[in-house]
2 protein chains.
Amino acid sequence: MSTHDTALAASAHRSPLHDFLAPDSIAIIGASADPTKRGYKAMVGLIKGDYAGRIYPINPKVSEILGVPTCPTLDDVPGAVDLALICTPAATLPGLIAECGRKGVKGAVILAAGFRETGAEGAKLEQQVLDAARAGGVRIIGPNTSGMFNLHKKVNLLDLRNIKAGDIGFISQSGNMLLALVLEAEHNGHVGFSTYVGPGNQTDIGFNDYLRYLGEDERTRVATLYVEGFRDGQRFLQAAREITPLKPVVVYKSGATELGKKAASSHTGALAGSYAMTVDLLRQVGVTVVHHSDRILPVAEGLGLLQQARGKRVAVIADGGGQATITSDRLSEAGLELAPLSEATRKRLAAILLPQASLANPVDVAGSSDADPEVLARCMEIAAEDDSVDAVFLVGMFGGYHTRFAESLLGGEMRAAESMIELARRIDKPLVIYSLYAPVKPPALRRLHEAGLPVYASIEHAVRVLQALGERGAYLAHQHGQPLQPGVTPVEDMQAMFARAQNEGRDLYEFEAKALLRAHGVAVAEERVVHGADELAAAAAHFGGQALAMKVVSKDILHKSDAGGVVLNLVGEAALGEAYDRIMTRCRAYDPNADIRGVLVTPMARKGTEAIVGVVRDPIFGPVLMFGLGGIFVEILEDVAFRAIPLSRFDAESMVDQLKGRRILEGVRGEAAVDKAALVDLLLKVSSIVSAYPQLSELDLNPVIAYPDGYAVVDARVIINRAVVSC
Amino acid sequence: MSTHDTALAASAHRSPLHDFLAPDSIAIIGASADPTKRGYKAMVGLIKGDYAGRIYPINPKVSEILGVPTCPTLDDVPGAVDLALICTPAATLPGLIAECGRKGVKGAVILAAGFRETGAEGAKLEQQVLDAARAGGVRIIGPNTSGMFNLHKKVNLLDLRNIKAGDIGFISQSGNMLLALVLEAEHNGHVGFSTYVGPGNQTDIGFNDYLRYLGEDERTRVATLYVEGFRDGQRFLQAAREITPLKPVVVYKSGATELGKKAASSHTGALAGSYAMTVDLLRQVGVTVVHHSDRILPVAEGLGLLQQARGKRVAVIADGGGQATITSDRLSEAGLELAPLSEATRKRLAAILLPQASLANPVDVAGSSDADPEVLARCMEIAAEDDSVDAVFLVGMFGGYHTRFAESLLGGEMRAAESMIELARRIDKPLVIYSLYAPVKPPALRRLHEAGLPVYASIEHAVRVLQALGERGAYLAHQHGQPLQPGVTPVEDMQAMFARAQNEGRDLYEFEAKALLRAHGVAVAEERVVHGADELAAAAAHFGGQALAMKVVSKDILHKSDAGGVVLNLVGEAALGEAYDRIMTRCRAYDPNADIRGVLVTPMARKGTEAIVGVVRDPIFGPVLMFGLGGIFVEILEDVAFRAIPLSRFDAESMVDQLKGRRILEGVRGEAAVDKAALVDLLLKVSSIVSAYPQLSELDLNPVIAYPDGYAVVDARVIINRAVVSC
């Protein structure tokens with residue numbers, strides 16, 4: 001697909017989106033003199049916004065709009081056109097895009113809906129638009145988009161008033177979400193935007209392209225995205241991997257539930273996929289994921305302005321015990337910790353606080369600042385200078401002391417604010433501030449905000465910011481840049497095995513799947529394939545007195561247990577013989593046409609902790625590894641971790657650590673912990689195998705039994721990708 | 001304890017708190033001329049607040065404060081004193097409270113900290129204060145309280161300005177939380193408060209008393225509480241049971257995590273207990289629990305103003321597809337549903353919407369209202385009239401149409417607001433409104449709010465309000481007033497059995513615990529106690545060919561398996577004999593001094609689904625029943641449900657339904673569902689047994705094995721309450 005080619009080129013060169021997202025000339029196709037129409041509003045937005053480029057309204061019926069002379073058609077435009085805004089209905093689009101191509105228009109914003117999101121007819125029309133765009137070399141924003149703006153270039157195709165230019169870039173599949181953020185920012189008073197685009201149906205340009213553009217855009221400090229669905233998730237992950245080290249990327253992803261996915265599909269035709277998987281993969285590449293829409297702006301602002309935290313240890317300075325308690329709860333739920341303050345720090349605090357103050361973290365100054373708010377700034381400084389503190393969190397009524405206690409405290413508050421600003425510049429740790437006075441914006445809080453220290457009006461939002469700063473710090477310190485597991489060198493025998501299966505139009509047999517794993521160093525239980533009853537004696541002799549399991553070998557029997565194709569706990573040749581007959585009888589009854597190639601005989605696995613390793617080639621994100629504990633953890637609790645392949649060692653380790661059921665692996669009720677290093681090694685090996693064999697479409701190791709020493713793969717299934725020819 | 005007696009009296013009569021929470025005269029002990037002191041600020045609050053009662057500043061050193069003549073001591077006050085505000089340090093309190101008693105003061109607000117929350121010395125001082133209060137008949141608010149106000153009585157001991165009188169009552173162990181809510185309300189512009197009290201250490205008056213007062217207070221429409229810890233949880237539950245049918249009760253409880261509990265303890269000396277248990281018990285009696293502090297006010301306001309919902313089915317009317325998607329996610333996460341709109345409703349909607357509108361719920365009007373916002377009101381009306389809809393949720397930019405599209409739409413917006421107000425009055429379903437324009441308070445939204453339709457600025461908050469309305473509706477329809485399981489009539493033999501165990505200074509033997517259960521109709525596996533090897537033959541004969549389990553009987557061996565006191569899968573007399581010897585040998589080795597009374601022989605239980613039933617007598621909440629699935633569900637996932645005893649049938653059913661692992665009970669992988677009715681019956685039986693036998697302190701049925709037909713209690717343990725004498 002040629003979008004891929006273009007995006008690929010962009011990874012080496014500058015994004016082509018700059019050409020039309022910062023246009024020097026704009027044509028408005030369907031420009032209108034009717035003030036309720038988009039073709040009029042966009043012109044108002046450009047003119048009132050002091051756009052310095054050329055504006056060409058296209059309208060064959062009127063000679064001028066808002067004082068700007070029109071052209072009857074695009075062809076009549078005298079100069080070059082960087083960007084076309086198209087306001088006409090869906091059916092006109094294939095023709096108009098062809099016209100854009102002839103004119104050399106670089107990008108077109110298509111507002112019309114009525115494409116893929118409405119069904120098959122619309123999808124056909126959308127394809128025609130895309131074909132015309134490809135043929136003419138025109139890039140497309142939308143269709144079904146709310147539009148775009150680039151405030152630093154003074155391009156505003158949305159006619160939104162009162163938006164402050166700033167450093168938050170926003171790509172949103174919801175126009176209302178943009179409006180909501182704009183109003184929130186207006187109310188906040190300090191946040192501004194750089195570029196906004198509604199990607200709509202992402203027919204041509206997808207989130208990956210926009211992200212790369214925001215990554216390169218010097219006026220964007222934080223890339224923020226509302227996503228209903230990615231069209232090329234794999235490429236998005238690649239772009240994010242490159243950009244997250246440079247600037248924070250914040251994603252709010254809808255479709256967390258089945259209801260949400262259904263709604264997204266009828267809105268932008270998005271394929272939402274698994275939410276849990278998407279979140280894991282985004283975090284793998286350093287993206288900050290927020291789960292509530294009202295946290296998007298606070299988190300984006302905090303990440304844009306504040307230092308990242310080097311760790312999870314937060315020092316809380318509070319002037320009220322109740323809010324200190326609430327803060328402790330929220331920090332703990334967010335996976336953050338209360339930093340253990342050093343003895344020296346406590347002594348320094350004791351020297352400036354009243355005896356009733358609580359010096360253990362959370363520090364409750366308990367009235368010590370009532371007559372002197374500068375005490376709070378000094379506490380923050382003392383805490384920030386403690387090596388065991390990664391972030392400082394001020395909680396309470398700072399900013400409102402002069403209202404609450406005495407007007408004369410205003411001077412002290414302003415001096416405290418200056419000290420905090422100075423501290424923030426001096427120390428490489430974030431200072432996060434919650435004040436219950438934030439909604440009324442008193443002078444000290446305005447001063448803090450102006451100096452780049454945001455003040456939050458909700459403890460919950462502030463804690464989410466602390467969490468995001470900590471996660472970003474951890475990503476940059478430990479995760480980013482870790483070497484990714486290289487693919488193994490494919491083995492000739494295995495290539496031949498894949499080719500054989502492909503020729504026979506089947507997936508791999510269990511023993512073949514295990515052979516593949518074994519060939520690349522995965523610990524698989526020993527086994528023998530028995531092709532007929534006459535080979536049973538040799539198998540019995542081989543395994544001696546061990547208890548054995550016997551499983552049918554047939555490409556036609558997928559659910560071996562259901563078919564009666566599995567018998568366990570067999571000891572001795574006689575038992576093997578009897579089991580063999582039983583399996584053959586039952587499986588033939590189950591499927592008289594089944595092609596049965598014999599049975600697999602393998603020693604019964606030792607008891608241990610059951611785990612599952614899976615691989616899918618996700619239609620959005622490509623090859624993805626899944627790891628979970630067996631049984632109810634996967635089936636009932638959906639307690640699984642996902643990572644895009646290839647993995648780094650950190651990825652593999654964090655998959656294990658992330659499970660809710662990890663305590664099972666750490667050993668409960670006095671049982672020994674399982675060998676985590678061996679599991680990590682298994683995950684990395686699977687990653688390298690999948691990278692090396694494109695013929696492998698899906699893989700399922702279920703169960704893997706984990707032991708205090710190593711693990712054993714007990715069952716393995718490999719589904720073949722029939723589109724890839726084995727060599 | 002005499003607080004209990006007083007509170008008990010209150011359940012029959014009017015709360016005694018009215019006498020001093022709406023005082024006609026107030027003495028301020030420690031009144032001060034220093035404007036930074038509480039003894040000055042309180043006077044300002046009263047005078048500026050136009051308090052109509054008598055104010056008596058007590059101060060021996062100055063003759064008047066703010067123009068009010070002082071009295072040197074309380075004794076010198078000429079008239080009666082309803083309420084005393086005491087601003088002096090902790091050490092002065094025992095003497096001052098005694099003085100209050102002599103004067104006939106009804107209630108005293110003690111601001112000083114330095115009591116139980118600081119340790120043993122403080123706890124002693126607190127007890128002295130309580131003793132003095134009891135002796136003098138003075139009720140105590142605090143100590144360690146932020147104070148109180150009653151705005152309808154114009155009593156404001158906090159000197160908080162700009163608080164609107166209204167109908168939200170607030171009891172908060174955090175003064176900062178009050179301030180935060182007051183500022184949020186000021187910003188909201190429509191919410192006001194009735195009475196506030198900081199219960200502080202709850203030395204005398206506890207949350208249960210305050211709740212009862214708010215329940216009776218005609219000026220309070222919603223009782224809202226920030227709780228660090230209950231002192232008498234059992235009595236609180238009783239009060240809530242009586243009040244929640246009359247008015248909504250909203251609780252934010254801190255101590256959700258270990259960090260939070262620790263912080264609460266050093267703040268108000270609160271014993272936080274188990275958060276999960278507290279939440280379950282509060283919900284059992286109809287309390288709305290919010291988990292985030294920034295949702296307290298939105299939820300309280302919504303519950304105060306809006307109709308409760310009769311069910312979970314929400315109709316969403318949105319003017320943007322992205323926010324419709326987000327809303328679907330949040331509704332689903334909150335356990336709410338998208339109402340399936342009837343064919344008739346869809347037709348009515350289609351008649352007023354553009355063809356591109358999405359008529360399936362969420363309804364996306366897709367531009368249909370851009371030129372006529374009244375379309376939104378009509379959609380709401382059509383949805384509200386659908387019988388399958390329990391609540392209507394408007395999502396989007398209503399209120400901002402005249403800003404976003406054309407000034408001329410303001411009239412339509414105002415008419416739409418009037419239609420919504422009229423609809424809300426006519427229809428007995430809640431209309432919940434989210435608008436992204438809420439922060440800028442445009443005219444239509446102000447009009448809605450003034451007419452009692454709150455407008456939310458966050459989808460997340462609005463969904464939490466919908467959830468609370470639905471939960472309250474469900475409580476009132478299904479849960480409230482359900483008969484509580486009466487106690488069984490105690491059986492004489494069982495009373496004798498308890499007495500025997502008490503005399504012998506031990507808990508019940510397993511076979512005794514099972515006898516107790518069996519005596520009251522609980523299904524317990526058949527069993528025999530074998531006192532010596534000579535009785536084994538009879539036991540073997542009795543059980544025939546069944547596989548048996550053998551377990552040691554000894555009061556000294558609590559962990560039978562660890563001691564080697566359990567052997568399973570025994571068939572025949574010889575096997576029993578061998579096992580008996582083995583158990584005796586191992587248990588004697590384990591504890592040479594153990595008093596071994598023989599063994600219990602019982603048939604091996606059929607395989608089924610393991611569950612656990614437990615009872616504790618919680619120090620805060622009294623007898624509480626716990627139910628969960630066995631194994632990792634309890635041990636790793638803490639997936640358990642709690643209910644205060646006695647239970648209603650609804651309580652028992654909802655315990656089972658509430659478990660995350662309930663799918664296990666419903667049958668997974670083609671297994672049959674377990675007999676839920678039998679489990680519910682078991683929970684109710686346990687409730688009645690616990691109610692009837694105060695000698696029973698703790699009970700542990702672990703495991704109970706649930707089958708498609710019934711269940712079996714396989715092991716039972718009863719801990720005896722040594723303080724209760726068996727009769």
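This is a predicted model: local features need pLDDT of at least 70, side-chain atom pairs count only at pLDDT 80 or more; totals for chains, interfaces and linings use all residues.
**A sheet in chain B**

Chain B holds an open sheet of seven strands, whose order is 9-8-11-10-12-13-14 and whose pairing is mixed. At its edges stand strand 9 (155-156) and strand 14 (288-290) of chain B, each of which pairs on one side only. Strands of a sheet pair through backbone hydrogen bonds, and they may do so in a parallel or an antiparallel way. In this sheet, strand 10 (residues 165-172) of chain B and strand 12 (residues 222-227) of chain B run parallel and are joined by five bridges. To follow the pairing at the level of a residue, one can look at B:Phe170, whose bridge partner in strand 12 of chain B is B:Thr224.

**Aromatic pairs**

Over all chains, the structure holds 18 aromatic pairs. One of them is formed by A:Phe207 and A:Phe230, whose ring planes stand at 70 degrees, and because planes over 60 degrees apart count as edge-to-face, the pair is given that name. This pair links distant parts of the chain, since A:Phe207 belongs to helix 7 (residues 207-216) of chain A, while A:Phe230 lies in the loop between strand 12 (222-227) and helix 8 (233-243) of chain A, 23 residues apart. Both A:Phe207 and A:Phe230 are buried.

In chain B, the rings of B:Phe207 and B:Phe230 also form an edge-to-face pair. Because B:Phe207 lies in helix 7 (residues 207-216) of chain B and B:Phe230 in the loop between strand 12 and helix 8 (233-243) of chain B, the pair ties together parts that are 23 residues apart in sequence. B:Phe207 has a relative accessibility of 1% and therefore counts as buried, and B:Phe230, at 5%, counts as buried too.

| Ring pair | Distance between centres | Angle between planes |
|---|---|---|
| A:Phe207 and A:Phe230 | 5.8 Å | 70 degrees |
| B:Phe207 and B:Phe230 | 5.8 Å | 70 degrees |

In chain A, ring pairs link A:Phe207 and A:Phe230 with A:Phe236 and A:Phe621 into a cluster.

**Charges over rings**

A ring can also have an arginine over its face, as A:Phe405 does, with A:Arg404 at 6.0 Å from the ring centre. In chain B, B:Arg606 lies over the face of B:Tyr707, at 3.9 Å from the ring centre.

**A helix pair in chain A**

Helix 19 (residues 492-503) and helix 20 (residues 510-519) of chain A pack with their axes 10 Å apart, at an angle of about 160 degrees. Because angles over 145 degrees count as roughly antiparallel, helix 19 of chain A is described as roughly antiparallel to helix 20 of chain A. The crossing of helix 19 and helix 20 of chain A is left-handed.

Conventions
Residues are numbered from 1 along each chain as its sequence is written. Chains are lettered from A and ligands numbered from 1 in the order in which they are written. Side-chain values use heavy atoms; hydrogens and water are left out. Two strands pair if DSSP finds at least two bridges between them. Helices (H or I, at least four residues) and strands (E, at least two) are DSSP runs, numbered from the N terminus. Rings of Phe, Tyr and Trp (its six-membered ring) pair if their centres lie within 6.5 Å; planes under 30 degrees apart count as stacked, over 60 as edge-to-face and the rest as tilted. Buried means under 20% relative accessible area, exposed over 50%, partly exposed in between (1.4 Å probe, protein chains only). A charge sits over a ring if NZ of Lys or CZ of Arg is within 6 Å of the ring centre and within 35 degrees of the ring normal. Axes are lines fitted to C-alpha atoms, for helices over the stretch in contact, and angles run from 0 to 180 degrees between N-to-C directions. Angles under 35 degrees count as roughly parallel, over 145 as roughly antiparallel, 65 to 115 as roughly perpendicular and the rest as oblique. A crossing is left-handed if the near helix is turned anticlockwise from the far one by less than a right angle, and right-handed if clockwise.
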